[in-house]
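Please look through the following report with the sequence and the 3D structure side by side. It moves from one chain to the place where two chains touch.

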Amino acid sequence: MARTVPALIVGLLVVAAGIGLVTLRVNPYLYFAGYVILQYVVIATAWNILGGYGGYVNFGTPAFFALGAYTAVFLIQSMKAPLPVLIVAGGLVSALLGLGIGYLTLRLRGTFFSIATLALSVVLQTMIINWEYVGGSRGISVIRPSGPPFGNYVVFLFTVMLGLAVIAVLVARFIERSWIGRGLAALRDNEEAAECMGVPTLRLKLFATTVSGFLLGVAGAPFPYYVTFVEPNSAFALDYAVNALAMPMIGGTTSWAGPVIGAVLLGTAQQLATVTISSELNLFIVGVVLVAFVVLAPEGILGLVRRLRAR
Amino acid sequence: MFSWDLLANAVVSGLLLGGFYAAVSLGISLIFGLLEIANIAQPAFVVLGAYAAYVLNNAYEVDPILTGLAFTPVFYVLGAVVYRVYYESFERRGDEALRGLVFFFGLLFILEVSLSLKFGVDYRLVQTAYTKTSIEFGGVGIAFRYLVPCVIGVAMTLALYLFLSRTFYGRAIRAVSQDQQALRLMGVNPIQIKTIAFGVGIAAASLAGALLICIAPVIPSTDRDYIGRMFAITVLGGMGSIGGTLVAGIILGVAESFMATFFGPSWSLAVSFGILLIALAVRPAGLFGR
């Protein structure tokens, strides 16, 4: 734990640097694009806590993300709740869903778990489509509160997301280096053996699914204010599921740095491709890069670096 | 609100839909049910088959089902190649659980995005003589665009059942699902048998795709609607049980048809996932499981 304090300081420095960046007058589009990349840092890090450390592949990322977003929509609709409340509430509701799928792991392992999470996403989407209060299938417009604390609203959201990304990475780093991370690694490699050695597998799995769910919900909660128009197809987009697993896979799943590297690289590449080529083609690139990495470099970029150093 | 006519129509259209669902799920029943390879890209191959039928129907007015049949060898080779890549990269290293799953998910995504790059996101449909006609029995309408896929679906089920129980390769496929080592001792290469099984599973997707585009217009992202249905049917029917696939297909078809008739079509997608979740949680072995 000796290195936790320096990590916290680095985290604070990153946030400070981000706020410093805000005071510079750079192209506003950069904040708009930067928000998406940071959002993916949170999503990839959250996915990796369950998928990378624990070895449970979650295809239901859109369900958690959208649940965070729609919790926010509900709270905005009903009581005009402020942003911090939205983030905490979105996270908590998604954490509850995470706890639910954690109990699902009692019966479902490996492939069955993954398919069930995919199923969850569609069931949830159907429910939202049929729930008129939050817009139903047509979607709903959200009005941003006037007068953000500083800058314009996108700049403000960018800073908020930067803070959330730092928190997510610190949480992942803490889990990885504590006994929780070692326990999760044990159950990833062999669940029966871990259970026999006295690793509290159920408690660890519940912890991982809940924390992962919480962070995914947190990533989704500011989404309504970012897009200002929320509809089921964009909130439940399959892109989130693909990116959530592509980014850690490309960066490397065994360390907190992997998802960050993957999210920054792939996220930036996608933003560039969306502007310069087309959004369809950028998704194609994500798919190809994902498959190329799992086939050719299963340990991701971190694994490649490690192999180069070993030489 | 309730009427016997409505009920009878719901049951009949559910039964017809069920036969079609069985056809769509046969491939995954073989690949996932018997070989236990989590090929989530299967529905994307079905949609690929649907687009093949669309292209030939649109350009030369070829019957979609004929196209589906004609393309089975192409899909068989495609499937064999995919399995070889999967085997070399994951199965041989014993790494299939996590990365194999991600591999197929990436494949699904690539196929879907490729189709939308080529054809756009407009709905595509086929024109045939029988897709427009229907007959009526005492207030119950039977559309041929449902009847034909259902009949072919049942025929496909029967053909696959006979293949697996009567032919040498079929029996070898069932053997490889039970004990790979024993098969090796009998002098048969299990990898070759698995390649054949995977190829047959993907070939079935070609024909299933043709049926899919007969029933309703298709867009590249149609595959997502079928992921849940396919796996729900395979799990509900019992892993690897071909007869179970048909029964489960019919159960799902009737359940969805009831949901669509009495609650509205927007709920029918949730039915398959509901059934899947319940089946996975309550009886993972399925109705006809071992």
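## Elements of chain B

Helices (H or I, at least four residues) and strands (E, at least two) are DSSP runs, numbered from the N terminus. Counted in this way, chain B has 12 helices and 2 strands, and its elements run, from the N terminus on, α-α-α-α-α-β-β-α-α-α-α-α-α-α. The radius of gyration of chain B is 19 Å, close to the 19 Å given for 290 residues by the globule rule (2.2 Å times the number of residues to the power 0.38, with the radius taken over C-alpha atoms), so chain B is as compact as a globular protein of that length.

This is a predicted model, in which local features need pLDDT of at least 70 and side-chain atom pairs count only at pLDDT 80 or more, while totals for chains, interfaces and linings use all residues. Residues are numbered from 1 along each chain as its sequence is written, and chains are lettered from A and ligands numbered from 1 in the order in which they are written.

## Extent and contacts of chain B

Along its principal axes, the C-alpha trace of chain B spans about 60 × 45 × 35 Å. Two residues are in contact if their C-beta atoms, placed from the backbone, lie within 7 Å; among such contacts in chain B between residues at least 6 apart in sequence, 78% join residues at least 24 apart.

## Where the chains touch

In chain A, 33 residues are in contact with 34 residues of chain B. On the chain A side, helix 5 (110-129), helix 12 (238-251) and helix 14 (279-296) each supply at least two residues, and the largest share, 12 residues, comes from helix 5 of chain A.
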